[in-house]
Amino acid sequence: MIGTGVKRGTAELAILSVLEDGPLHGYELARRIERQTKGALSFSLAALYPMLYRMEQRRWIRGTWEASASGRRRRCYRLTPQGKKKLQPLRAEWSELFQALRRLTKASHA
Amino acid sequence: MHDWVQIVRERLVNLALDDDNAAQVCEELASHLEEAYQSLRNEGLSEQFAITRVLASVGDWRVLQRKIESSRKKELSMPDRVTQFWIPAFVTLSLSMVCLALIQIFGPHPWVANATPRGWRFVAPALLVYIPWLFTLPFIGALGAYISNRAGGRARAIFSATIFPILPYMVFFIIGLPIAIILDDHIAHNIMIPAFFVGLCAWVIFPGVALLAGGWPVQHFSSRLTTRRISNG
């Protein structure tokens, strides 16, 4: 059964999936999601940071301040073990949604 | 070179987070905006156009502020609720009761000479106790507001803690007054509705105003100090 929080879950899934590859700061995270989805998914600043903070509260990700090569401080987010655990059911839910939609479109075209 | 931290701070000046939290959020958002700006500049956009586009991409700053506040704040846990509301509330309630008792014990003890006092003579003995008590309430309200504010209480918690001593009376008058109006003709005590209004003023409105007279300035100046600390970094 697909949960009601799927829409929010997809954004969380996008963030967790990208962070699975390695730690990133907010701006690069948003760019990476946009690039990998070829612009289909994009995060504005107002959508990204509240989402990151909420995920950090749930301990799925952890943010730490790091200095870049230019000396500028940036907050890098990395996946926690709890976040890794959360990623699996989110992926399953997302996959189930896709399959359901595919079945639906096939049925309507038949 | 633009001071992005300052630009963000100016727009999120009322961010209701503690100083450290607010400073971190401002720095992080500033870093994001600066990178977006640099990216646009590298694409060949003019300085002014790049700034305008970056700031426009944020949308409504008040919406962003609300979203950040709700995502950044933890659910009010039990210990927070205790320190921000219950402790200051019971301090104001118990102090107001203790003060009333102390004034009655150690204050003036007027003799009622006239067998059937009327007018001012009728209310004067009560006023000799009541008025000094009213004068103690602003200090009690200020103390309650200070304790709640110091524990990180928000405006609603501070306000509730400040006026807590009148809440039991308010509930009584809200329930008692309609019941009296309904039952007045059916019970033997002949409850006088004007007496309820006198009671409402004496135990709810006047003490409430007195408590807020002390509590509100503390709340107001504390929040202004916090805002100034955030804007000064």
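The C-alpha atoms of Val171(B) and Val204(B) are separated by 9.7 Å, although the two residues stand 33 residues apart along the chain. The model as a whole scores ipTM 0.83 and pTM 0.52.

**Confidence in chain B**

- The average pLDDT of chain B is 82, and 82% of the residues score at least 70.
- Over residues 226-233 of chain B the pLDDT stays under 50, and for this stretch the model has eleven contacts beyond four places in sequence.
- Where pLDDT is low, the predicted coordinates should not be read in detail.

**Architecture of chain A**

- Chain A has four helices and three strands, and from the N terminus on these elements run in the order α-β-α-α-β-β-α.
- Of the 110 residues of chain A, 26% count as buried, while residues 24 or more positions apart account for 52% of the contacts in chain A with a separation of 6 or more.
- Strands β2(A) and β3(A), the latter made of residues 73-79, pair in the antiparallel sense over seven bridges, and in this pairing the bridge partner of Gly63(A) in β3(A) is Tyr77(A).
- The two strands β2(A) and β3(A) form a hairpin with five residues between them, and Gly71(A), which sits in the turn, has a positive phi of about 90°.

**Positive phi outside glycine**

- Lys38(A) has a positive phi of about 50° although it is not a glycine, and this residue lies in the loop between α2 (26-36) and α3 (45-57) of chain A.
- With 7 other C-beta atoms within 10 Å, Lys38(A) is exposed.
- Arg59(A) likewise is not a glycine and has a positive phi, here of about 65°, and its place is the loop between α3 and β2 (61-67) of chain A.
- Arg59(A) counts as exposed because it has 12 C-beta neighbours inside 10 Å, and the class takes in residues with 12 or fewer.

**The side of chain B that touches chain A**

- Contacts between the chains involve 17 residues of chain B and 14 residues of chain A.
- On the chain B side, α2 (19-42), α3 (47-58) and α4 (61-72) each supply at least two residues, and α2(B) gives the most, with seven residues.
- The residues on this side of chain B divide into six nonpolar, five polar and six charged.

**Nonpolar cores**

- The largest nonpolar core has 37 residues, and those with the most contacts inside it are Ile15(A), Leu19(A), Tyr49(A), Leu52(A), Ile61(A), Val25(B) and Leu29(B).
- Both chains contribute to this core, for α1 (6-20), α2, α3 and β3 of chain A, together with α1 (4-11), α2, α3 and α4 of chain B, each supply at least two of its residues.
- The largest share of this core, seven residues, comes from α3(A).
- When residues up to four places away in sequence are not counted, Leu29(B) touches Leu45(A) and Tyr49(A) in chain A as well as Val8(B) in chain B.
- A second, separate core of 20 residues includes Leu137(B), Ala145(B), Tyr146(B) and Ile166(B).

Definitions and conventions: Residues numbered from 1 in each chain as written. Chains lettered and ligands numbered in written order. Predicted model: local features only at pLDDT ≥ 70, side-chain atom pairs only at ≥ 80, totals over all residues. Contact = placed C-beta atoms within 7 Å. Nonpolar A, V, L, I, M, F, W, Y, C, P; charged D, E, K, R; others polar. pLDDT = per-residue confidence, 0-100. Pairing = 2+ DSSP bridges. Core = buried A, V, L, I, M, F, W, Y, C linked by C-beta atoms within 7 Å.
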